[in-house]
Number of protein chains: 2
Amino acid sequence: LRAHHLDVETVRANWGEPPDLDEVERLVRRGVKCLAVIHNETSTGMTNPLKEIAKVATEHGAWVLVDAVSSIGGITLPCDAWGIDACFGASQKCLAAPPGIAPITVSKRLLDEVDPATVDGWYVNLFTWNRIRKEWGDWHPQPTTISSNIMYAFHRALQLVHEEGLENRIRRHEIVGRAYREGLAGLGYSFFTKPEYASNTVSSAKPPKGVDAPDLIARLKKDHNIFIAGTLGPMRGQGIRIGHLGTQAAKSYLETMLTALAGYSKKAGVTGAEAAVDRAVQLAAKAG
Amino acid sequence: LRAHHLDVETVRANWGEPPDLDEVERLVRRGVKCLAVIHNETSTGMTNPLKEIAKVATEHGAWVLVDAVSSIGGITLPCDAWGIDACFGASQKCLAAPPGIAPITVSKRLLDEVDPATVDGWYVNLFTWNRIRKEWGDWHPQPTTISSNIMYAFHRALQLVHEEGLENRIRRHEIVGRAYREGLAGLGYSFFTKPEYASNTVSSAKPPKGVDAPDLIARLKKDHNIFIAGTLGPMRGQGIRIGHLGTQAAKSYLETMLTALAGYSKKAGVTGAEAAVDRAVQLAAKAG
């Protein structure tokens, strides 16, 4: 937003906590035009209470813009019902397609209210895409040459979402997310966010005493061929981040991952590691 | 450029003719900062005399920006030697990779002279990419998730260019381009540009009397499973456009294409169609 020379006010929150709703309300009351918010924040592994946050903004007429990169297809997000005016995601997360596509939604209200002349640029400008669709529709409805193979793969991924059913898919992420948290807690891990904000698509957690996070990540790669990420920002070096989204939101992945982690927890003196893995695997089995 | 609110002056030329160099010189003398020019113009099938055009601009200190979408990897374009400050291409034309990547070059001079604060936007902004590369280099050197499969395919395509040799590849396009023009002329076609500006990557041509261009395109598709494009702009409906670039710049494609066209020319009373195809195929054989 700053790159587009807009005035930006930031509602700061502690890492792992949602923004203060009173502060959001104060700003939109004062006339802030648009609230930009991330749905699922992967560095702390938290999901914002988006419905409540969006409500505050829409009640005062502000547009709501949502980064849903790591949530679409994995966490409930009814854009119309929650009053979300624009939302962008990514193909390679919960939708389990190759990277390269950013699906977006835009409300009719936003399209109608924005003056095309105030929008910078050409390529990342929906008005360009709309204009070309109208002008070149019978020949070449996009302003650029679409990456056709990525588009076919994305289409296939959407078919798979449709076959599974969006509700079932979201429930699968819910069950597997809960199983990961149960398992990780049993292996002596702690979290960067409260249980009520825990993300169902990514777990960010601090290892038990005696397990060094960067060392653990390197060992998982070397000994188990498992790639996971470290934590970022102020939590850098303190924790691990495990993605459990799309095809990875499955019992088999969970079992492999937690079994590998259990070895390190046991060495660090955590008791009941096997039992914790078993309990998590039982839970994940409900995901089908 | 207009989408970025820049003042734009246009040097108009007749379709199929290069811009007037005196007019370009007048503008850059008057202080126009940047000359934007297309290298290979596919609607008329012409290649601009880019070396001469760029020279006029660079002699007066103007930046030169080039659209090389349908020329990189197929037509000579030494950016440094010709003083081209920025150039963008496409993966899916002469480089014969899947669509989805726009390779670019930028001169050190341009990067040094441009003030990052004057550049709009975030995604289509090289300063964003440079900054993220520096700040996140050890973890995630791009501001977005790269389309990895497209990148691997592009890398493979570049290896193939390297194996063939860029000079050989350009020569292959030269030979096949010439063979197409010979063949089309022999089949009664005429061109929208003079021979000295004829493109080696795409031929845009007007069928002989008695052959209707849109009808021909539909028949090629239906009867021969050959897809070619029609002409655009003021030449819409008047001609056909045949791409002969990347893997398509080959004797086998040429033979199939011209043999199919020969049938329609013969029906329209053009004599010597078979001989014209043979001559063109002989010529293309030199491309290997």
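**Close-up 1. B:Ala96, a partly exposed residue in a loop of chain B**. In this predicted model, B:Ala96 has a relative accessible area of 36% and so counts as partly exposed; buried means under 20%, exposed over 50% and partly exposed in between, with a 1.4 Å probe and protein chains only. B:Ala96 is placed in the loop between strand S5 (86–88) and strand S6 (104–106) of chain B. Helices (H or I, at least four residues) and strands (E, at least two) are DSSP runs, numbered from the N terminus. Although B:Ala96 is not a glycine, its phi is positive, about 60 degrees.

Residues are numbered from 1 along each chain as its sequence is written, and chains are lettered from A and ligands numbered from 1 in the order in which they are written. The model is predicted, with local features needing pLDDT of at least 70 and side-chain atom pairs counting only at pLDDT 80 or more, while totals for chains, interfaces and linings use all residues; side-chain values use heavy atoms, with hydrogens and water left out.

**Close-up 2. B:Asn225, an exposed residue in a loop of chain B**. The loop that holds B:Asn225 runs between H8 and strand S9 (229–230) of chain B. B:Asn225 counts as exposed because its relative accessibility is 60%. B:Asn225 is not a glycine, yet it has a positive phi of about 60 degrees.

**Close-up 3. Helix H9 of chain B and its buried residues**. Helix H9 covers residues 251–267, 17 residues in total. From its first C-alpha to its last, H9 reaches 24 Å, close to the 24 Å expected at 1.5 Å a residue; the expected span is 1.5 Å times one less than the number of residues. Among the buried residues of H9(B) are B:Leu254, B:Met257, B:Leu258 and B:Tyr264. The buried residues pack against helix H7 (166–186), helix H8 (213–224), strand S10 (240–243) and helix H10 (273–285) of chain B. After H9(B) comes B:Gly269, with a positive phi near 90 degrees.

**Close-up 4. A:Asn48, a buried residue in a loop of chain A**. A:Asn48 sits between strand S3 (46–47) and helix H2 (50–59) of chain A. Its relative accessibility is 9%, so A:Asn48 counts as buried. A polar atom of the A:Asn48 side chain lies 2.9 Å from the backbone oxygen of A:Ile38. Leaving aside residues up to four places away in sequence, A:Asn48 touches A:Pro18, A:Pro19, A:Val37, A:Ile38, A:His39 and A:Ile53; contact means heavy atoms within 4.5 Å.

**Close-up 5. A:Thr193, a buried residue in another loop of chain A**. A:Thr193 lies between strand S7 (190–191) and strand S8 (202–206) of chain A. A:Thr193 is buried because its relative accessible area is 11%. The backbone oxygen of A:Gly16 is 2.8 Å from a polar atom of the A:Thr193 side chain. Not counting residues up to four places away in sequence, A:Thr193 touches A:Gly16, A:Thr44, A:Gly45, A:Met46 and A:Ala198.

**Close-up 6. The contact between chain B and chain A**. Chain B gives 25 residues to the contact and chain A gives 25 residues. There are two salt bridges between the chains, a salt bridge being a side-chain nitrogen of Lys or Arg within 4 Å of a carboxyl oxygen of Asp or Glu. B:Asp138 forms a salt bridge with A:Arg236, with the closest N and O atoms 3.3 Å apart. Helix H6 (residues 148–164) of chain B supplies three residues, the largest share of the side of chain B that touches chain A.

Terms used: A polar contact is a pair of N or O atoms within 3.5 Å; within protein, one must be able to donate a hydrogen and the other to accept it, and residues adjacent in sequence count only if both atoms are side-chain atoms.
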